[in-house]
Amino acid sequence: MTADDPKQLVRRGYDALSIRYDEATQADAKYQDWIGTLMARLEPASRVLDIGCGSGVPMARDLTAAGHHVTGVDISEVQIRRAREFVPQAEFVNADAMSLDFDPESFDAAVSLYALIHLPLDEQRQLLHNIATWLRPAGWFLCTTGHREWTGTDDNWLDGGAPMWWSHTDAATNRVWITQAGFTIESEQFVPEGAGGHTLFWARQI
C-alpha cells in the first residue's frame with residue numbers, strides 16, 4: 001500500500017474476501033433489527049441509496065423484496081458482481097463513493113453500514129454532505145461510524161491472507177460531522193464488535 005492509495009487496498013481486500021466477509025459478519029442476523037426499523041419508516045416504493053452495499057445481502061435484498069427501489073454502490077468489483085446475482089431487481093454501481101453524482105433529492109433514504117470507515121477522514125465529511133443533498137427533506141439516513149479515533153491496517157484481515165485499511169474518528173466528532181452535513185440525529189447507539197465497536201446513527205435530512 002502507498003500512503004496516498006488506501007482505498008485501493010480496501011477494494012482489493014473486499015475483492016479477495018467477499019465471501020469470507022459475509023460469513024464472518026453474519027450480516028443476515030446482525031442487520032435484521034435495523035432493516036425492520038428502516039422499512040417501518042419508509043413509504044411504499046421508496047428510493048434507497050446503499051453506499052457500501054457489499055454483496056447486497058441482506059440490506060438490498062430485503063428492501064427490494066419489500067417493494068423498494070435500491071441503488072447499491074461498492075468499490076469492490078467482486079462485491080458488485082455478487083450483488084447483481086443475488087438481487088437482480090436492484091441497481092448496482094461499482095464505484096468509489098466519492099465519484100458519485102446524483103441529482104438533489106434523488107432518494108427517500110440512504111444507508112451506509114461499515115463503509116464510511118474505509119474512507120480518509122476528509123472524504124467522510126464530504127460524503128456526509130453529499131448524502132444530505134441527495135436525500136429529500138426529512139429523508140432517513142442510517143450509518144455506522146467509528147466509535148474511537150483510529151487509523152490503521154490489518155495485514156491478515158479475517159485470517160484470509162489479504163490486508164485491509166480503516167480510518168475513523170470518535171463518536172463525538174462523527175456526531176458533529178453528521179449535524180454539520182445537514183442532518184438531525186434521532187438516535188445513537190454503540191454496536192460492540194470484538195474488543196471495540198462502532199457507533200450506529202439514525203438521522204434525518206433537515
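Guide: A helix axis is here a line fitted to C-alpha atoms over the stretch in contact, and angles run from 0 to 180 degrees between N-to-C directions. In this predicted model, the axes of helix H6 (residues 121-134) and helix H7 (residues 171-181) come within 8 Å and cross at roughly 40°, and the crossing of H6 and H7 is right-handed. From H6, the residues that take part are Leu121, Gln124, Arg125, Leu128, His129 and Ala132, and they meet Asn174, Trp177, Ile178, Gln180 and Ala181 of H7. Sorted by class, this contact of H6 with H7 has six nonpolar, four polar and one charged residues.

Next comes a hairpin. Strand S6 (residues 150-157) pairs with S7 in the antiparallel sense over six bridges, and Gly152 has Trp166 in S7 as its bridge partner. Four residues lie between S6 and S7 in this hairpin, and Leu158 in the turn has a positive phi of about 55°. Strand S7 (residues 162-168) is mostly covered, with six of its seven residues buried.

The open sheet can be described in turn: it has seven strands in the order S3-S2-S1-S4-S5-S9-S8, and the pairing is mixed. Strand S3 (91-94) and strand S8 (183-193) are its edge strands, each pairing on one side only, and the twist averages 15° from one strand to the next. Within this sheet, strand S5 (residues 135-146) and strand S9 (residues 196-205) pair in the antiparallel sense over seven bridges, and Thr145 has Thr199 in S9 as its bridge partner. Helix H3 (residues 32-41) packs on the sheet, where it touches strand S4 (107-112), S5, S8 and S9, and its direction makes about 5° with that of S9. Helix H5 (residues 77-86) also packs on the sheet, touching strand S2 (69-74) and S3, with a direction that makes about 165° with that of S3.

The largest nonpolar core has 37 residues, of which Leu38 and Leu113 touch the most other members. Two or more residues of this core come from each of helix H1 (6-25), H3, helix H4 (59-65), H5, S4, S5, S7 and S9, and H1 gives the most, with five residues. Leaving aside residues up to four places away in sequence, Leu113 touches Tyr31, Trp34, Ile51, Gly52, Met59, Leu142, Cys143, Thr144 and Leu200. Apart from this core lies another, of 24 residues, among them Ala97, Phe107, Leu119 and Ile131.

Key:
Residues are numbered from 1 along each chain as its sequence is written. This is a predicted model: local features need pLDDT of at least 70, side-chain atom pairs count only at pLDDT 80 or more; totals for chains, interfaces and linings use all residues. Side-chain values use heavy atoms; hydrogens and water are left out. A crossing is left-handed if the near helix is turned anticlockwise from the far one by less than a right angle, and right-handed if clockwise. Contact means heavy atoms within 4.5 Å. Ala, Val, Leu, Ile, Met, Phe, Trp, Tyr, Cys and Pro count as nonpolar, Asp, Glu, Lys and Arg as charged, and the others, Gly among them, as polar. Buried means under 20% relative accessible area, exposed over 50%, partly exposed in between (1.4 Å probe, protein chains only). Two strands pair if DSSP finds at least two bridges between them. A nonpolar core is a set of buried Ala, Val, Leu, Ile, Met, Phe, Trp, Tyr and Cys residues joined through side-chain atoms within 4.5 Å.
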